[in-house]
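This report goes from the overall fold to one helix and then to a single residue within that helix. The sequence and structure come first.

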Amino acid sequence: MKKSTLAATSLAVGTAAGTGSIASVNSVSVWFARLRKPPYQPPDAVFPIVWTTLYTDIAASSAVAIDRLRAAGKDDEARRYAAALGVNLVLNGSWSWLFFRYHKLGAAAIGAAALAASSADLVRRTAQADPRAGLAMSPYALWTSFATVLATHVWRLNR
């Protein structure tokens, strides 16, 4: 993997992570503490561990995929991959704003579903470029699918 590609994907992922974290600075607020949550909600300490791992994986797997596509002479496909990654990261960073900053639980559930669909598409694209990188990125699609179920349940419990 080229260092320049990894630097670019790391910057993009870091920007999404930072944007999301700005929105959730006060995530352990009175508002969040008062929300009813399903019994399968992971402890708060799980989220930064999972997201740090996933963000690292997204940056590395995406760099591998983009480099493989470029090496195969598939520059247009590499650009489409980069665009899909960009859309995914915008959806990723936006979720925290919908949920934590604006307290829009229904919109956050819909946003989570869009993110899960985008994540599954990104895993598919990654696997087509490099099967091992696609396998490595698959927990991202699984986690965002779980997050969709969780966000929807929180919304339903608090309507």
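## Fold and overall dimensions

The protein has six helices and zero strands, and along the sequence the pattern reads α-α-α-α-α-α. The radius of gyration is 16 Å, close to the 15 Å that the globule rule gives for 159 residues, so the protein is as compact as a globular protein of that length. The model is a predicted one.

Taken along the principal axes, the C-alpha atoms fill a box of roughly 55 × 25 × 25 Å. Of the 159 residues, 42% count as buried. Among contacts between residues at least 6 apart in sequence, 78% join residues at least 24 apart.

## Annotated transmembrane regions

An unreviewed UniProt entry carries the annotation "transmembrane region" for residues 47-69, 81-99 and 135-155. In the model, residues 47-69 are 100% helix and 0% strand, with end C-alpha atoms 32 Å apart. Residues 81-99 are likewise 100% helix and 0% strand; the end C-alpha atoms of this span lie 27 Å apart.

## Helix 1: length and faces

Helix 1 comprises residues 3-23. At 1.5 Å a residue, its 21 residues should span 30 Å, and the end C-alpha atoms are 30 Å apart, which agrees.

Which residues of helix 1 are buried? They are Thr5, Thr9, Val13, Ala16, Gly20 and Ala23. These residues cover an arc of only 80° around the axis, which puts them on the same side of helix 1. An α-helix has 3.6 residues a turn, so residues three or four places apart point the same way. Lys3, Ser4 and Leu11, on the other side of helix 1, are exposed. The packing partners of the buried residues are helix 3 (46-71) and helix 4 (75-101).

## Thr9

Thr9 is found in helix 1. Why does Thr9 count as buried? Its relative accessible area is 3%, and buried means under 20%.

Leaving aside neighbours within four places in sequence, Thr9 is in contact with Ala59, Ser62, Ala63, Ile66 and Leu85. For one of these residues, Ala59, the backbone oxygen lies 2.8 Å from a polar atom of the Thr9 side chain.

Note on methods: Residues numbered from 1 in each chain as written. Predicted model: local features only at pLDDT ≥ 70, side-chain atom pairs only at ≥ 80, totals over all residues. Heavy atoms only, no water. Helix = DSSP H or I, 4+ residues; strand = E, 2+ residues; numbered from the N terminus. Expected span 1.5 Å × (residues − 1). Buried < 20%, exposed > 50% of the residue type's maximum accessible area, 1.4 Å probe, protein only. Arc of directions from axis to C-beta. Contact = heavy atoms within 4.5 Å. Polar contact = N/O pair within 3.5 Å; in protein donor to acceptor, adjacent residues only side chain to side chain. UniProt positions renumbered as here; feature names shortened; annotations may be inferred. Rg over C-alpha atoms; globule rule 2.2 N^0.38 Å.
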